[in-house]
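The tour moves stop by stop.

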Amino acid sequence: MIRAAQKKDAKQLSELMYIIWNDMELPLVVNNDKDTVLKVIEQSIVEGNYRNNYKHIHVFEVDDELAGFINCYAGDDEAQLENNWLEIDFNESFNLESTPLPEHETDNGDFYIESVAVFTKYRGKGIASKLIEFTFENAKKLGFKQVSLNCDFDNKGALKLYNKLGFEPLTDRVLSGHDYKYMVKKV
């Protein structure tokens, strides 16, 4: 079942987001211990209106257990959402000079998939595909003509999935020192 995320999901969502941010080698993750980063991510999911706020997230549940999530927003909103990080009064002290994701990731006019992740025990069951297909319908309802995402060149499994779902590479981008394909799908 797919539903809108709630504040109560923040702890589990932070665990999945940590996996993504760790793979991206974001300075927040590199320069701080895991426990601190998890708490900071969790707080940013609940407070303020940062790009990973629960209001931008839908979750997939299996037997009332959170199995995965997708985080999406309008590309036009990206810069403001990122700057909202600076408005959160964090409970934890951490080392970060700016915001976690200061690089421009998406194009204006797109409905952008910031991240999609599934807990290991639920992988291979089509959950990510269902979340992405849900996003296509949601984007159409909201009046968007195109959905976009970034995929790490080295993530062959994700590239295969995105191609299967109709995404096509538009351009290459470097984010946090990693090479990504900016991929789009008309909806």
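Between which two strands does the loop with aspartate 64 lie? Select aspartate 64: its loop runs between strand 2 (57-62) and strand 3 (65-74). Helices (H or I, at least four residues) and strands (E, at least two) are DSSP runs, numbered from the N terminus.

Before going on, note that this is a predicted model: local features need pLDDT of at least 70, side-chain atom pairs count only at pLDDT 80 or more, and totals for chains, interfaces and linings use all residues. Residues are numbered from 1 along each chain as its sequence is written, and side-chain values use heavy atoms, with hydrogens and water left out.

**Stop 1: positive phi**

Stay on aspartate 64. Its phi is positive, about 65 degrees, although the residue is not a glycine. Most residues other than glycine have a negative phi. Aspartate 64 is exposed, with a relative accessible area of 73%. The classes are buried (under 20% relative accessible area), exposed (over 50%) and partly exposed (in between), with a 1.4 Å probe and protein chains only.

Now select glutamate 25. It sits in the loop between helix 1 and helix 2 (27-30). Glutamate 25 counts as partly exposed, at 48% relative accessibility.

**Stop 2: a helix crossing**

Show helix 1 (residues 10-23) and helix 3 (residues 34-46). Their axes come within 8 Å and cross at roughly 120 degrees. Axes are lines fitted to C-alpha atoms, for helices over the stretch in contact, and angles run from 0 to 180 degrees between N-to-C directions. Helix 1 and helix 3 are therefore oblique to each other. The angle classes are roughly parallel (under 35 degrees), roughly antiparallel (over 145), roughly perpendicular (65 to 115) and oblique (the rest).

Next, colour the contact, where contact means heavy atoms within 4.5 Å. Helix 1 contributes Ala10, Lys11, Leu13, Ser14, Glu15, Met17, Tyr18 and Trp21. From helix 3 come Lys34, Val37, Leu38, Ile41, Glu42, Ile45 and Val46. By type, the contact of helix 1 with helix 3 divides into ten nonpolar, one polar and four charged residues. Ala, Val, Leu, Ile, Met, Phe, Trp, Tyr, Cys and Pro count as nonpolar, Asp, Glu, Lys and Arg as charged, and the others, Gly among them, as polar.

**Stop 3: two residues of helix 3**

Pick threonine 36, in helix 3. Is threonine 36 buried or exposed? Threonine 36 is buried, with a relative accessible area of 10%. Leaving out residues up to four places away in sequence, threonine 36 touches Glu92, Ser93 and Phe94.

Move along helix 3 to serine 44. Serine 44 is buried, at a relative accessible area of 0%. With residues up to four places away in sequence not counted, serine 44 touches Tyr50, Asn52, Asn53, Trp85, Ile88 and Phe90.

**Stop 4: asparagine 91**

Select asparagine 91, in the loop between helix 4 (78-83) and strand 4. This residue is exposed, with a relative accessible area of 64%. Draw a distance to lysine 11: the two are 80 residues apart in sequence and 15 Å apart in space, C-alpha to C-alpha.

**Stop 5: helix 6**

Which residues of helix 6 (residues 156-164) are buried? Select Ala158, Leu159, Leu161 and Tyr162. They cover an arc of only 165 degrees around the axis, so they lie on the same side of helix 6. That arc is taken over the directions from the helix axis to the C-beta atoms. The buried residues of helix 6 pack against strand 4 (111-118), helix 5 (127-141), strand 5 (146-152) and strand 7 (178-186).

Just after helix 6, glycine 166 takes a positive phi of about 100 degrees.

**Stop 6: valine 187**

End in the segment after strand 7, at valine 187. It is partly exposed, with a relative accessible area of 27%. Valine 187 touches Phe136, Ala139, Lys140, Phe144, Lys145, Gln146 and Val147, not counting residues up to four places away in sequence.
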